Amino acid sequence: LTAWVEGRVQGVGFRWWARARALELGLAGWAENLEDGRVRVIAEGASAACGELLALLEGTEAPGRVVRVTHRWDEPHGGLTGFAER
């Protein structure tokens with residue numbers, strides 16, 4: 001899963017929150033701030049868990065204010081361990 005989260009999502013603990021949710025779901029990957037103000041989330045693991053993470057990213061419990069989440073499903077590359085904030 002690659003998701004781009006738009007809104008007020010930088011400087012509000014969003015990456016930390018996304019990391020915590022991903023680890024709870026057993027996912028590997030990272031969340032990073034982009035120069036245009038969005039946060040990109042890369043997550044690999046069980047497809048159901050990735051779907052749950054996507055639903056959480058789109059939900060109302062995330063810190064800040066999420067305006068829109070766009071995403072795409074890719075083939076996993078593998079080799080990822082843990083979940084990082086970049």
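Which residues have the most contacts inside the largest nonpolar core? They are Phe 14, Ala 18, Leu 27, Val 41, Leu 53 and Leu 57, in a core of 21 residues. The elements that give two or more residues to this core are β1, α1, β3 and α2. The largest share, five residues, comes from α2. The model is predicted. The points below cover the core, the helix pair, and several individual residues.

**Helix α1 and its cover**

- Helix α1 spans residues 14–24.
- Its buried residues are Phe 14, Trp 17, Ala 18, Ala 20, Arg 21 and Ala 22.
- The cover over these buried residues includes five strands: β1 (2–8), β2 (28–33), β3 (39–44), β4 (65–72) and β5 (83–85).
- Helix α2 (47–58) is also among the elements that cover them.

**How α1 meets α2**

- Two packed helices are described by the angle between their axes and the distance between the axes.
- Here α1 and α2 pack at an angle of about 150°, and their axes are 10 Å apart.
- Because roughly antiparallel means an angle over 145 degrees, α1 counts as roughly antiparallel to α2.
- The crossing of the two helices is right-handed.
- On the α1 side, the residues that meet α2 are Phe 14, Trp 17, Ala 18, Arg 21 and Ala 22.
- On the α2 side, the partners are Leu 53, Leu 56 and Leu 57.

- In soluble globular proteins, nonpolar side chains tend to be buried together.
- Phe 14 sits in helix α1.
- Buried or exposed? Phe 14 counts as buried, because its relative accessibility is 1% and the cut-off for buried is under 20%.
- Beyond four places in sequence, Phe 14 touches Val 5, Val 9, Val 39, Leu 57, Ala 62, Pro 63 and Val 66.
- The C-alpha atoms of Phe 14 and Ala 31 are separated by 8.8 Å, with the two residues 17 apart along the chain.
- Leu 57 has its own set of contacts beyond four places in sequence: Ala 3, Phe 14, Trp 17, Ala 18, Val 41, Val 66 and Val 69.

- Glu 32 is found in strand β2.
- Its relative accessible area is 14%, so Glu 32 is buried.
- The Glu 32 side chain makes a polar contact with the side chain of Arg 40 at 2.4 Å.
- Another polar contact joins the side chains of Glu 32 and Trp 30 at 3.4 Å.
- Setting aside residues within four places in sequence, Glu 32 is in contact with Arg 15, Arg 38, Val 39, Arg 40 and Arg 86.

- Arg 86 lies in the segment after β5.
- At 51% relative accessibility, Arg 86 counts as exposed.
- Beyond four places in sequence, Arg 86 is in contact with Arg 15, Trp 30, Ala 31, Glu 32 and Asn 33.
- Arg 86 and Leu 34 are 52 residues apart along the chain, and their C-alpha atoms are separated by 9.8 Å.

**Thr 2 in β1**

- Thr 2 lies in strand β1.
- Its relative accessibility is 6%, so Thr 2 counts as buried.
- Leaving aside neighbours within four places, the contacts of Thr 2 include Arg 40, Val 41 and Ile 42.
- Thr 2 is also in contact with Thr 70, His 71, Arg 72 and Asp 74.

**Pro 63 and Arg 65**

- Pro 63 is placed in the loop between α2 and β4.
- Not counting residues up to four places away, Pro 63 touches Arg 8, Val 12, Gly 13, Phe 14 and Trp 17.
- Arg 65 lies in strand β4.
- Arg 65 counts as exposed, at 52% relative accessibility.
- Not counting residues up to four places away, Arg 65 touches Glu 6, Gly 7, Arg 8 and Val 9.
- The C-alpha atoms of Arg 65 and Gly 79 are separated by 32 Å, with the residues 14 apart along the chain.

Key: Residues are numbered from 1 along each chain as its sequence is written. This is a predicted model: local features need pLDDT of at least 70, side-chain atom pairs count only at pLDDT 80 or more; totals for chains, interfaces and linings use all residues. Side-chain values use heavy atoms; hydrogens and water are left out. Buried means under 20% relative accessible area, exposed over 50%, partly exposed in between (1.4 Å probe, protein chains only). Helices (H or I, at least four residues) and strands (E, at least two) are DSSP runs, numbered from the N terminus. Contact means heavy atoms within 4.5 Å. A nonpolar core is a set of buried Ala, Val, Leu, Ile, Met, Phe, Trp, Tyr and Cys residues joined through side-chain atoms within 4.5 Å. A polar contact is a pair of N or O atoms within 3.5 Å; within protein, one must be able to donate a hydrogen and the other to accept it, and residues adjacent in sequence count only if both atoms are side-chain atoms. Axes are lines fitted to C-alpha atoms, for helices over the stretch in contact, and angles run from 0 to 180 degrees between N-to-C directions. Angles under 35 degrees count as roughly parallel, over 145 as roughly antiparallel, 65 to 115 as roughly perpendicular and the rest as oblique. A crossing is left-handed if the near helix is turned anticlockwise from the far one by less than a right angle, and right-handed if clockwise.
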